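Subject: Structure for you to look at

Hello,

Here is the structure I promised to pass on. Please open it first, then read the notes below it.

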Amino acid sequence: MRIDKLLSVCGVATRSESAKAAKAGRITVNGVAERSPARQIDETKDVVCFDGVRVMYSKHIYIMLNKPEGYVSATEDGRDPTVLELIPEEARRAGMFPCGRLDKNTLGLMLLTDDGELAHRLLAPKRHVEKKYRFGCRDEVSEDDRQALENGLRLADGYVTKPATVELFDDRKSGIITLHEGKYHQIKRMFGAVNDNRIIFLERITFGPLTLDDKLARGEWRYLDDAEVDALTEAGK
Ligand code: URA
């Protein structure tokens with residue numbers, strides 16, 4: 001792997017910062033200053049330091065993205081841009097994918113990772129982690145409808161949803177819904193099943209132990225910090 005790629009995937013420096021730092025002699029490989037950020041190193045063996053601090057290559061990458069509208073949760077799509085296209089090339093890793101799906105017009109917290117095992121554990125039906133969404137809908141939700149959404153209801157395809165939690169704001173047309181499963185278009189179909197209501201705004205605000213970072217504007221991303229990775233790992237146990 002190139003040095004600048006290592007520094008980028010470890011969240012230490014962007015490619016242009018690496019170029020400047022290398023020129024300034026701030027990067028060493030096995031104790032020797034390396035002026036070329038393009039130098040290939042073996043990230044599992046070589047000791048790379050930035051300003052004297054060792055840069056540890058992690059086996060997997062975990063990114064929090066604030067998904068904007070118009071992007072699909074896939075690694076490739078013939079028609080629409082994918083969420084992966086919001087991550088600069090130097091921060092991407094082979095095998096990186098969105099962990100779970102959000103519709104093209106759904107916003108908010110998306111986890112991107114190359115850790116297939118953890119993703120599988122987090123999304124497995126028996127342990128499917130809790131997810132909270134802020135929603136807006138066209139019609140007011142009556143107390144009966146709120147309870148039907150919470151207790152579980154039969155969708156048009158016959159599937160009966162698992163218990164959920166629905167908190168309504170004062171206008172009764174917006175609130176927070178908490179799910180422990182993730183069927184295709186689930187929230188939209190749940191609201192469609194109560195008096196033909198319609199979701200007009202949907203934003204995921206939590207995914208298991210992760211909360212959408214309010215410092216991230218739509219389309220922005222950051223690496224998860226160590227505490228967040230530990231919490232995710234714990235949630236997948
Ligand atoms: N439910 C939906 O209907 N859409 C999403 O994107 C997520 C949950």
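Predicted model: local features only at pLDDT ≥ 70, side-chain atom pairs only at ≥ 80, totals over all residues.

Does Ala-21 count as buried or exposed? Ala-21 counts as buried, because its relative accessibility is 0% and the cut-off for buried is under 20%. This residue is found in helix H2, which covers residues 15-23.

Please read every value below as computed from it.

Overall picture

The protein has 237 residues, and 46% of them are buried. It contains six helices and 13 strands. The C-alpha trace spans about 70 × 35 × 30 Å along its principal axes.

The ligand

Where does the ligand sit? It is in the largest pocket. The residues that surround the ligand are Leu-102, Asp-103, Thr-106, Tyr-133, His-185, Gln-186, Ile-187, Lys-188 and Leu-202. Helix H5 gives the most to this shell, with three residues.

Several backbone atoms come within polar contact range of the ligand:

- His-185: a backbone N or O atom lies 3.3 Å from a ligand oxygen.
- Ile-187: a backbone N or O atom lies 3.1 Å from a ligand nitrogen.
- Lys-188: a polar backbone atom is 3.0 Å from an oxygen of the ligand.

How much of the ligand does the protein bury? Taken alone, the ligand exposes 240 Å². The protein buries 96% of that.

Aromatic pairs

The count comes to two aromatic pairs. Phe-135 and Phe-191 form a tilted pair. Their centres are 4.9 Å apart, with 55° between the planes. Why tilted? The angle of 55° is neither under 30 degrees nor over 60, so the pair is neither stacked nor edge-to-face. This pair links distant parts of the chain. Phe-135 is in strand E8 (residues 131-137), while Phe-191 is in helix H5 (residues 186-192). The two are 56 residues apart. Both Phe-135 and Phe-191 are buried.

Trp-221 and Tyr-223 also form an aromatic pair, and this one is edge-to-face. The centres lie 5.2 Å apart and the planes are at 85°. Trp-221 is partly exposed, because its relative accessible area is 24%, which falls between the cut-offs of 20% and 50%.

The loop between H5 and strand E11 (199-207) holds Asn-195. Ala-193 lies in that loop between H5 and E11 too.

Asn-195 has a positive phi of about 55°, although it is not a glycine. Is Asn-195 buried or exposed? Asn-195 is exposed, because its relative accessible area of 61% is over 50%. Ala-193 is partly exposed, with a relative accessible area of 38%. Its C-alpha atom is 22 Å from that of Glu-130. In sequence, Ala-193 and Glu-130 are 63 residues apart.

Other loops

Arg-172 has a positive phi as well, near 60°, and is not a glycine. You will find Arg-172 in the loop between strand E9 (165-168) and strand E10 (174-179). Arg-172 is partly exposed, with a relative accessible area of 28%.

Lys-215 is in the loop between strand E12 (210-211) and strand E13 (221-223). Lys-215 counts as exposed, at 68% relative accessibility. How many residues along the chain lie between the positions of Lys-215 and Asn-66? They are 149 residues apart, yet their C-alpha atoms are separated by 9.7 Å.

Tyr-71 is found in the loop between strand E5 (62-67) and strand E6 (97-99). Tyr-71 is partly exposed, with a relative accessible area of 22%. Tyr-71 and Ile-61 are ten residues apart in sequence, and 21 Å apart in space from C-alpha to C-alpha.

Where to start

Begin with the ligand in the largest pocket.

Best wishes

Key: Residues numbered from 1 in each chain as written. Heavy atoms only, no water. Phe/Tyr/Trp six-rings, centres within 6.5 Å; stacked < 30°, edge-to-face > 60°. Helix = DSSP H or I, 4+ residues; strand = E, 2+ residues; numbered from the N terminus. Buried < 20%, exposed > 50% of the residue type's maximum accessible area, 1.4 Å probe, protein only. Near = heavy atom within 4 Å. Polar contact = N/O pair within 3.5 Å; in protein donor to acceptor, adjacent residues only side chain to side chain. Areas by Shrake-Rupley, 256 points an atom, 1.4 Å probe, with all protein chains shown as cover. 1 Å grid on protein atoms, 1.4 Å probe; cavity = no way out; pocket = protein on both sides within 12 Å on 5 of 7 lines; lining within 4 Å. Sits in = over half its atoms within 2 Å of the grid points.
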